[in-house]
Amino acid sequence: MLNIEEIQKILPQKFPFLMIDRVLELEPGKKIVALKNISINESFFGGHFPGQPVMPGVLIIEAMAQAAIIMFYSPENVSGDKKASYYLASVKVRFLHPLTAGDQLKIEVEPIKVISGAGLVKAQASAGGKEIASAELSFSVKHV
Amino acid sequence: MPDLENEIRNMIAEIVEKDPAQVTLDAKFFEELGMDSMMALEIMAGMEKKYKITIPEEKLTQLTTLRETVAVAKEYLEKKNA
């Protein structure tokens with residue numbers, strides 16, 4: 001649905017902080033299903049943890065947040081030189097299983113409540129059909 | 001509706017991380033309970049989910065005390081049941 005080139009045009013985050021590789025399904029403002037492939041080459045595995053690669057939970061949250069940014073993106077929202085800045089306000093999360101090298105992280109995000117300039121979303125992370133984490137994220141958006 | 005009042009009080013107390021006893025009917029959310037606009041959005045979304053109602057965005061500024069918040073919830077519950 002969206003390849004990495006298109007994703008990079010939408011996300012304000014850049015290398016080495018891109019946490020979405022592909023978008024499988026997208027209904028703008030309503031639903032997104034996105035993927036991140038976890039490779040042993042991820043730089044964080046060097047320290048998290050030596051000899052026991054576990055993807056940091058905060059980066060799973062980051063992947064959820066980036067999927068949400070893509071879900072809310074629409075070309076009409078980009079006005080001239082004004083860029084949207086996203087600020088995470090709160091996170092309620094439960095981690096159920098660890099992620100490691102070779103896993104494919106699948107993230108699904110849907111809105112709970114959206115108002116002008118802010119929103120609350122529900123995010124589910126899974127890998128190979130196993131639930132990895134579920135979360136609620138709230139964020140604000142400023143156009144600067 | 002005392003139940004509605006207590007349910008919403010407990011929800012607010014959890015979001016602002018205060019003891020429910022501090023969330024009196026007229027304690028001011030922003031000045032006295034340290035709430036911000038993002039927490040107000042969480043309260044709104046929490047009430048929508050719990051009571052299966054939809055509260056329009058412009059009501060957000062009305063959420064300033066527990067008394068006002070209960071009144072908003074009541075208004076939309078009555079609309080739903082009407």
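Where is the place of Glu17(B) in chain B? Glu17(B) lies in the loop between H1 and H2 of that chain, and the legends below return to this spot. This is a predicted model, in which local features need pLDDT of at least 70 and side-chain atom pairs count only at pLDDT 80 or more, while totals for chains, interfaces and linings use all residues. Residues are numbered from 1 along each chain as its sequence is written, with chains lettered from A and ligands numbered from 1 in the order in which they are written.

**View 1. Chain A as a whole.** Let us start with the overall fold. Chain A holds two helices and six strands (DSSP runs numbered from the N terminus, with helices being H or I of at least four residues and strands being E of at least two). Their order along the sequence is α-β-β-α-β-β-β-β. Chain A is as compact as a globular protein of its length, because its radius of gyration is 15 Å, close to the 15 Å that the globule rule gives for 144 residues (taken over C-alpha atoms; the rule is 2.2 Å times the number of residues to the power 0.38). The C-alpha trace spans about 45 × 30 × 25 Å along its principal axes.

**View 2. Helix H2 of chain A and its packing.** Buried residues of H2(A) include Ile60(A), Met64(A), Gln66(A) and Phe72(A) (buried means 20 or more other C-beta atoms within 10 Å of a residue's own, exposed 12 or fewer, and partly exposed in between, with C-beta atoms placed from the backbone). The buried residues of this helix pack against E1, E2, E3, E4, E5 and E6 of chain A (contact means C-beta atoms, placed from the backbone, within 7 Å).

**View 3. Strand E6 of chain A and its partners.** E6(A), residues 130–143, pairs with E3(A), residues 84–95, in the antiparallel sense over 11 bridges (pairing needs at least two DSSP bridges between the strands). Tyr86(A) stands opposite Val141(A) there. E5(A), residues 118–127, also pairs with E6(A) in the antiparallel sense, over 10 bridges, and Ala118(A) has Ser140(A) as its bridge partner. Two residues separate E5(A) and E6(A) in a hairpin, where Gly128(A) in the turn has a positive phi of about 55°.

**View 4. Two cis peptide bonds in chain A.** Most residues other than glycine have a negative phi, and most peptide bonds are trans. Phe15(A) and Pro16(A) are joined by a cis bond with omega about 5°, and Pro16(A) sits in the loop between H1 and E1 of chain A. Another cis bond links His48(A) to Phe49(A), with omega about -5°; Phe49(A) belongs to the loop between E2 and H2 of chain A.

View 5. Glu17(B) is exposed, with 9 other C-beta atoms within 10 Å. Lys52(B), also not a glycine, has a positive phi of about 50° and lies in the loop between H3 and H4 of chain B. Lys52(B) counts as exposed, with 10 C-beta neighbours inside 10 Å.

**View 6. Where the chains meet.** Chain B brings eight residues to the contact and chain A brings 10 residues. The model scores ipTM 0.86 and pTM 0.91.

Conventions. Contact = placed C-beta atoms within 7 Å.
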